[in-house]
Amino acid sequence: MLRLEKRPTPSRAWAWGTPFLAVLLTMIAGGALFAMLGKDPVAVVRTIFWDPLLGEYAFYLRGQLLVKAGPLALIAVGLALGFRAGIWNIGAEGQYIMGAIFGASVGLAVYPTESRWIFPLMILAGGFGGWLWAMIPALLKTRFNTNEILVSLMLVYVAETILSKAATGFLRNPEGAGFPGSRNFSSYPAARNPELIAGTGMHWGVVAAFIVVIAAYVLLQRHLLGFQIRLAGQAPRAARFAGVRPNRLVIFCLGASGALAGLAGLFEVTGPAGQISIDFNQGYGFTAIIVAFLGRLNPVGILLAALLMALTYVGGEMAATNLGLPSAAIRVFQGMLLFFLLAVDVLSNYRVRIAAFVKEAR
Amino acid sequence: MTQDISADVLLAIEGIGKSYPGVRANDDVTFRIGAGEVHALLGENGAGKSTLVKMIYGLVKPDEGHMSLRGAPYAPAEPRAARAAGVAMVFQHFSLFEALNVAENVALGMDDPPPMRDLEARIREVSEGYGLPLDPARLVGDLSAGERQRVEIVRCLLQDPKLLIMDEPTSVLTPQEVEILFGTLRQLAAEGTSILYISHKLEEIRALCDAATILRRGKVVGTCVPREVSARAMAEMMVGASLNAPARATGELGPVALTVERLSVASPSAFGTSLKEVSFEVRQGEVLGIGGVAGNGQDELLAALSGEARTGRDVVRVHGRGIGHLGPNERRQAGLCTAPEERLGHAAAPDMSLVENALLSGAVRKGLVRRGFIDWPGTRAFAEAVVKTFDVRTPGTGTAARALSGGNLQKFVLGREILQEPGIIVVNQPTWGVDAAAAAFIRQALLDRAAKGAAVVVISQDIDEILEIADRFAALNEGRLSAPVPVAGLTLERIGLMLGGAHGMHKADVHAAEVAHAET
């Protein structure tokens, strides 16, 4: 019989070990899933985890890793701030879309003016768009005590509706022969988010992600606000005793995660995606939730987790095209990762004892 | 031993031992309880009292040794077997359903309940027979703590026990309620029921018990006849060291430091108690003790003073300056530090290290944050100073708060506030669940702070504690505070009346109390 015994102090070794264990378990369970789909599990797992890094097309795929990891890290770090404080922004996808629409609108409004101020202005607008969208659940929560999980999640679908309106209506390319989608930013140098070093996938969004990871790390480790965020998440009553004002924390955490998601959207739409289209958003806002937990809500861990998740994206696409795996199977695979992570998390707070001698009834 | 125990032994415990991983909870414990004897089991927290009575009640199996009841071997496999053998237990924490009435609750605890009508009649008969009147039809949710305890006791008495085990029964009672309880217990003992009475309140044991067995670290370290030795001597046996009574410096009182005027706060929780026009003043160098049975507004009063609950500006004044509208950190800046009752989760964050917990309330006064950035080396130094000065037993300041024992964490929490050298310090239940040595240390630290000119407010349910350290006493009852009176010359009876009101369970008052309940 197995018995769980609460550890007096959470195990540090397991806190870092559980993500690796979760990846391993995901490979095993995912392999079983792929085998049941009639594919060679070893080949699939190798295609997902090995080929993008060291396989035949790695020179191209490696660049894709940063392209995918950048927005994931940017969004996940923002979400992690809130999650640490017990504030659950589930609607990053919506904030990401709204950031893209706000930023793109600024750029498209001044098309075809050339100025070096245009792109910075678009960045600000992108962050503002995401912040504004996150302020809706924030204010509803602080004023009326609504549930931010539901409100932020529902606002994703509102944002998606606005996005389709933008792509087919107010942001549609007037020279696009009636096809949905905005002008392509790749042909508008002042508003473009270019690849900074050819072949690496490094663009301004990735740079921003690195900066945000460092800033968030410093905030959480060294700054009073970061301490208050952690305190509020772990012991809300102690936080009030320490003088933390919960409402301010809600505003800050939702605002910061919204703004970062908005930035990610702006960088995506002006760079890798290139234009506002009905489905330019790739679900990064939702995947970032997995990334945040996989990275243990720790900024550095999130960076690593974002790279891992990017690997499953890139490798998963490879597996889908080369091995004919349904794309839903890849999403199940990513979901498994979160599932196993949460499941093995128990190890960092509990010690597993194999106990045959437990006879005592309480 | 003056008691003639060889003649008529009810329960004999021989060489009982019990180990848990890493702990020897009981080691070669031997003692006897005579028939009709009130026997005290005395010891600090963690001395092994609970494990021992759990073994007697069949909740835990001993590793070695044996017990005999009335000469026959006794080894209950489960509480049901213990009850069948005539052993009953009243737990410290009640196991009652608030939404059910008294009779239903009693029936739930019985192995073979009679029909409800018979049961109600029996409850009336037994409860009145033992001076513990209970209305079987009342909802338990409407009863006071003392009345709830009666339900538990009556539940036991209905089984006609030979041995009644009572675990810390007076911790929730007013002095008058304690007197009534003692009357009942004496009556039971006179009828031949033995009582095993667990407590660390020495004066009560001296008043009630015929014999005492003292445990320390799982072993029997002494036996005595409580009436014949002083409370101090028993405490020293319990702790294993000589205890110093807190030294009072009788200094001159300074000007008024803290003023609370007509403080009314609605409780944030549905089960809380709203404060109603609470007013008091505390002078520099003075200790004000605020007594009261739990749940009479203590938490709410502390929150209103700590700044977690805000009031009108001039309702709370520090040296004449209104601070009622300020939050906790601004109040700390003004010299008012507080320590809430609940250590884990309120005064300290369980999963955070002691260093982080030192920052929790020490940031402002110790200057641990500069331009928003935390001075971790300074915070660590502060935490280490608290650990050192207040003798907090911990592997290091990096240890999580939840890994500390209750007494050690309480020393840390109080040390954290006291080392900030506040002009005013307010503590709620400073020694709750703390062993005698740590409690003495904490009380002394509070008195020392007062001697240095601080105004000290001690909110406590422990009347002995208040009598020991307070200069003046006020009682909190259903959110109202009595006018503070000097402690010198105060009788227990007077205190009980101040605490009591609707809680006063004088037999004559029961009717009045029930009327009061009906009104509320």
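# Helices, salt bridges and the A–B interface

Visitor: How many salt bridges does a search of the whole structure find over all chains?

Guide: This is a predicted model, in which local features need pLDDT of at least 70 and side-chain atom pairs count only at pLDDT 80 or more, while totals for chains, interfaces and linings use all residues. Residues are numbered from 1 along each chain as its sequence is written, chains are lettered from A and ligands numbered from 1 in the order written, and side-chain values use heavy atoms, without hydrogens and water. With a salt bridge taken as a Lys or Arg side-chain nitrogen within 4 Å of a carboxyl oxygen of Asp or Glu, the count over all chains is 25.

Visitor: Which residue forms a salt bridge with B:Arg206?

Guide: The two partners are both in helix α7 of chain B, residues 202-208, three residues apart or about one turn (helices, H or I of at least four residues, and strands, E of at least two, are DSSP runs numbered from the N terminus). An α-helix has 3.6 residues a turn, so residues three or four places apart point the same way. B:Arg206 is partly exposed at 27% (relative accessible area with a 1.4 Å probe on protein chains only: buried under 20%, exposed over 50%, partly exposed in between). At 3.8 Å between the closest N and O atoms, the partner of B:Arg206 is B:Glu203.

Visitor: How many residues apart are B:Asp210 and B:Arg227?

Guide: B:Asp210 forms a salt bridge with B:Arg227, with closest N and O atoms 3.7 Å apart. The pair links distant parts of the chain, from the loop between α7 and β9 to the loop between β10 and α8 of chain B, and the residues apart number 17.

Visitor: What is the relative accessible area of A:Gly205?

Guide: A:Gly205 is in helix α8 of chain A, residues 204-222. Neighbours within four places in sequence aside, A:Gly205 is in contact (heavy atoms within 4.5 Å) with A:Leu74, A:Asn193 and A:Phe267. A:Asn193 is 12 residues away in sequence and 8.1 Å away in space, C-alpha to C-alpha. A:Gly205 is buried, at a relative accessible area of 2%.

Visitor: How much area do chain A and chain B bury between them?

Guide: The contact takes 26 residues from chain A and 38 residues from chain B. Of the buried area (accessible area, 1.4 Å probe, that two parts lose on being put together, summed over both), 57% is on carbon and sulfur atoms. The area that the two chains bury is about 2,600 Å².

Visitor: Which helix gives the most to the side of chain A that touches chain B?

Guide: Between the chains the count is one salt bridge, and B:Glu356 forms a salt bridge with A:Arg230, the closest N and O atoms being 2.5 Å apart. On the side of chain A that touches chain B, α8, α9 (224-234) and α10 (236-241) each supply at least two residues. With five residues, the helix that gives the most is α9(A).
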